[in-house]
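Student: I have a model to go through. Can we take it residue by residue and then helix by helix?

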Amino acid sequence: MSAIPDEIWMQIMDIGVQRNILNYRDLSSLAISSRRLCRLSNHSFLWELLWTKDFPSDSIPESLTKDLKSLYKQKFERVKSTKIAAHKRSVLRVQSQALVLERECKDLGTLLNGERRRLNSTLSELKNIERARQSSVALKIWQPEIIHTRQQDVVEQTPVRTDSRIHSLKMEIAVCKERIERFSRSICEKNSLMERVKSKLESLQYKPLPESCISRFQGSPKKAKITDKRIENAIKSDFRSLGN
C-alpha cells in the first residue's frame, strides 16, 4: 500500500465517493488509519462530492471551501438534530393519538354501560306491566278469592294503560339494543385503531430515527439494523475522527 502513489489513492477515493461505495464514515475511518491517508482523505474535493450527494439542496459557502470537512461535520450535526426533533414530534403525535383513542374508548364504555342499565330497567318494567295485563285478564275468570285478591293488587299497582305502555317500552328496548350495538361496534373499531397506533409507537420508540433517515449516511443496508446505542456510539466516534 505504501508503494501506491498519492494520485492513485486519490483516484480510488474519488471513484469510491462518486459510486457511493465510500461515505463520510469510510473517509473518517481512513483518516485515523495512517497519517498519509489522513492527509489524502482530508482533500476538499472529496468532501465537496460528499456534500453534493448528501445535501444536494444546499450550496457550499464560498468563504468556507477550504475546510469542507469541518463544514460537513457542522451540517451533519444540524441535519441530525433536525431528524431527532422530527422523530420526537412524531412520537408525541402518536402518543397523543393513543391518549385520545383511549379516552374515546372510555367514554364509549360509559355510554355502553348506561344503555345496558337502561335496557335492564326497561325490561324489568315491561315484565311487570305484562304481568299486570295478565292479571287483569285473569280477573274476568273465576278464581279462588286469595288468588283473585292478589291479582287485583297487581292491577291496582299499574295505573297506566298497559297496551300503550307496553308498545312504548318495546320501542325503547329496540332503541337501546340499537345503541348498544352501535357503541359496541365503535369500541371494537377504536380498540383496533389503538392497537395499530400502539404498534406504531413501539416501532418509533425502538429506533431513534427511521431507516430512511440514516441509510443515506451509511454505506450498507445491513448497518441500518444495528441497535440504537451502537448507532449513537458510531456517530460519536465518527465525529471524533472528523475533528482530527
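Student: Which side chain does the side chain of K69 make a polar contact with?
Tutor: This is a predicted model, where local features need pLDDT of at least 70, side-chain atom pairs count only at pLDDT 80 or more, and totals for chains, interfaces and linings use all residues. Residues are numbered from 1 along each chain as its sequence is written, and side-chain values use heavy atoms, with hydrogens and water left out. A polar contact is a pair of N or O atoms within 3.5 Å; within protein, one must be able to donate a hydrogen and the other to accept it, and residues adjacent in sequence count only if both atoms are side-chain atoms. At 2.9 Å, the partner of K69 is the side chain of N42.

Student: Is K69 buried or exposed?
Tutor: Buried means under 20% relative accessible area, exposed over 50%, partly exposed in between (1.4 Å probe, protein chains only). K69 has 7% relative accessibility, so it counts as buried.

Student: Which residue caps the N-terminal end of α2?
Tutor: Helices are DSSP runs (H or I, at least four residues), numbered from the N terminus. Look at the backbone nitrogen of R25: a side-chain oxygen lies 3.2 Å away, and it belongs to N23.

Student: How many residues of α2 are buried?
Tutor: Helix α2 covers residues 24–31 and is mostly covered. Among the buried ones are Y24 and L27.

Student: Within what arc do the buried residues of α1 fall?
Tutor: In α1, W9, M10, M13, G16 and V17 are buried. They line one face of the helix, because seen down its axis they fall within an arc of 130°. The arc is that of the directions from the helix axis to the C-beta atoms. The value is 130°.

Conventions:
Helices (H or I, at least four residues) and strands (E, at least two) are DSSP runs, numbered from the N terminus.
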